[in-house]
Amino acid sequence: MDSEKVLFASISPKIPIILASGSQSRKQMLEEAGICFEIIKTDTNEDALKKEMFGIPYEQQVIKLASAKAASVSIDNPNHIVIGGDQMCVLDNTLFDKPGTSEKAIENLKYLSGKTHHQHSGVCIFKDNESIWEYSEVVELNMHSLSDQEIINYVKIENPIHAAGAYKFESLGCNLFSSVDGYSYTIRGMPLLELLKALKELNKINLNLIQISEP
């Protein structure tokens, strides 16, 4: 008996879409949603922008950072839809950037253990170097009181050094939490449902644009 063919469904947008981000998580979410897109990473100086925005509410900061990334790509790519995104992990006005090392990831998780923190995520759409849509969302997360060994084991297995908050919620990281108020997409770095809704309402994607292909 012949094995069944594996077919892939994808949505080819009306105009090309660019994701202005090197985030593996954002890339994965758009791929899971079936959107055809390309990636152009930006060289936006996020640290400098964060210093300039000190004191501004985090929900506004993530949009400004997302917009800076999208604008830098949109200016060189007219007639493209450019998506920018940004994320901030915050506890009591302390910002937890991507740890960068296993040692810092362990330190961050020890600090977050047993506490409630927030993930702010912003996303925007640019076309012809102008913002045509923007949105931000926040999720409240309550982390279990974790033992030092649990934290060390987790970091050793998942190596979440490039994740805001030092955990990958889409995989083993979800086991770190006792409760979450909000969407998992937002925790992963992009309010995907609102983004897809915006692309549809802006008439850039729809289900009539689905194409079927073999691997």
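Helices (H or I, at least four residues) and strands (E, at least two) are DSSP runs, numbered from the N terminus. The model is predicted, so local features need pLDDT of at least 70 and side-chain atom pairs count only at pLDDT 80 or more, while totals for chains, interfaces and linings use all residues. Residues are numbered from 1 along each chain as its sequence is written, and side-chain values use heavy atoms, with hydrogens and water left out.

**Exercise 1.** Find where Glu-137 sits, and describe its surroundings.

*Solution.* 
- Step 1: Start with the strand: Glu-137 belongs to β7, residues 130–143.
- Step 2: Check burial and charge. Glu-137 is buried, meaning under 20% relative accessible area, where exposed is over 50% and partly exposed lies in between (1.4 Å probe, protein chains only). Glu-137 has no salt bridge, that is, a side-chain nitrogen of Lys or Arg within 4 Å of a carboxyl oxygen of Asp or Glu. Its nearest side chain of opposite charge is Lys-197, 9.7 Å away; Lys and Arg count as positive, Asp and Glu as negative, and His and the chain ends are not counted.
- Step 3: List the neighbours. Leaving out residues up to four places away in sequence, Glu-137 touches residues including His-120, Tyr-183, Thr-186 and Glu-194, where contact means heavy atoms within 4.5 Å.
- Step 4: Look at Thr-186 again: its side chain makes a polar contact with that of Glu-137, at 2.5 Å.

**Exercise 2.** Now take Val-138: is this residue buried or partly exposed?

*Solution.* 
- Step 1: Val-138 is also placed in strand β7.
- Step 2: With 41% relative accessibility, Val-138 is partly exposed.
- Step 3: Beyond residues up to four places away in sequence, Val-138 touches His-118, Gln-119, His-120 and Asp-181.

Methods
Polar contact = N/O pair within 3.5 Å; in protein donor to acceptor, adjacent residues only side chain to side chain.
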